[in-house]
Amino acid sequence: MIINVNTIIIIIDNIERKDYFEIMTKPTQLLYHGTSFDNSSLIEEQGLLPKNHNKVYLTTDVRVAYNYAKLKTDKPVICIVDAIQMVKDGFTFEHDNTYAEWTTDNVPSRYLIQVMIESEDDLSMLSMCVS
């Protein structure tokens, strides 16, 4: 049986709407952003800022971030974002159910680590470390 989002919200609402709302408005894990090595220095200085969008796009899937970066460069870098600490520090996130992504206005560099991915083995190792 396939149910729509409104149905799931009603079901959750009957259980504990507050908990559901907290989960869907605050990331509860690390998030990832794929970019190019060419952007690394600027990201180190300024953090992640929206470029051609209104928000910074983040994902819960390290491979999605990698694939996005690979569309733009042959030197992909994965930014690992400590979204949990950002929430604790008052940053807000929005969840996009369509693409299972998170967005935020910016990510200061103190909340991220950049990892250069030079091979599929690097990506597999990173995936294992963060899962």
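Modeller: Let us begin with the surface. Accessible areas come from the Shrake-Rupley method with a 1.4 Å probe. The model before us is predicted, and by that method the protein exposes about 8600 Å², of which carbon and sulfur atoms supply 52%.

Colleague: How many helices and strands does the protein have, and which pattern do they follow along the sequence?

Modeller: There are 5 helices and 6 strands. Read along the sequence, they give the pattern α-β-α-β-α-β-α-β-β-β-α.

Colleague: What percentage of the residues is buried?

Modeller: A residue counts as buried when its relative accessible area is under 20%. In the protein, 32% of the 131 residues are buried.

Colleague: How should I read a pocket, and what is the volume of the largest pocket here?

Modeller: Rolling a probe the size of a water molecule over the atoms shows where empty space is left. In this model the largest pocket has a volume of about 690 Å³. Its lining consists of 28 residues, and His33, Gly34, His53, Tyr68 and Lys72 are those that lie nearest its centre. The elements that give two or more residues to this lining are β1 (31–36), α2 (40–46), β2 (56–59) and α3 (62–72).

Colleague: Which element gives the most to the lining of the largest pocket, and how do the lining residues divide into nonpolar, polar and charged?

Modeller: Helix α3 gives the most, with 6 residues. By type, the lining residues are 13 nonpolar, 11 polar and 4 charged.

Colleague: Which residues of α5 are buried, and which are exposed?

Modeller: In helix α5 (residues 120–130), Leu123, Leu126 and Ser127 are buried. Seen down the axis of α5, they fall within an arc of 100°, so they line one face of the helix. On the other side of α5, the exposed residues are Asp121, Met128 and Cys129. The buried residues of α5 pack against α3, β3 (76–81) and β6 (112–116).

Colleague: Why does serine 127 count as buried?

Modeller: The cut-off for a buried residue is under 20% relative accessible area. Serine 127 has a relative accessible area of 16%, and therefore it is buried. This serine, found in helix α5, touches Val62 and Arg63 when residues up to four places away in sequence are not counted.

Colleague: Is threonine 103 buried or exposed, and which residues is it in contact with?

Modeller: Threonine 103, in strand β5 (residues 101–104), counts as buried at 9% relative accessibility. Beyond its neighbours within four places in sequence, threonine 103 is in contact with Lys55, Val56, Tyr57, Thr92, Phe93 and Glu94. Threonine 103 and threonine 59 are 44 residues apart in sequence, and C-alpha to C-alpha they are 8.6 Å apart in space.

Colleague: Where is leucine 49 found, and what is its relative accessibility?

Modeller: Leucine 49 is found in the loop between α2 and β2. At 44% relative accessibility, leucine 49 counts as partly exposed. With neighbours within four places in sequence left aside, leucine 49 is in contact with Val56 and Asn106. Leucine 49 is 59 residues from proline 108 in sequence, and the two are 8.4 Å apart in space, C-alpha to C-alpha.

Methods
Residues numbered from 1 in each chain as written. Predicted model: local features only at pLDDT ≥ 70, side-chain atom pairs only at ≥ 80, totals over all residues. Heavy atoms only, no water. Helix = DSSP H or I, 4+ residues; strand = E, 2+ residues; numbered from the N terminus. Buried < 20%, exposed > 50% of the residue type's maximum accessible area, 1.4 Å probe, protein only. 1 Å grid on protein atoms, 1.4 Å probe; cavity = no way out; pocket = protein on both sides within 12 Å on 5 of 7 lines; lining within 4 Å. Points joined across faces, edges and corners; volume = space filled by probe spheres on them. Nonpolar A, V, L, I, M, F, W, Y, C, P; charged D, E, K, R; others polar. Arc of directions from axis to C-beta. Contact = heavy atoms within 4.5 Å.
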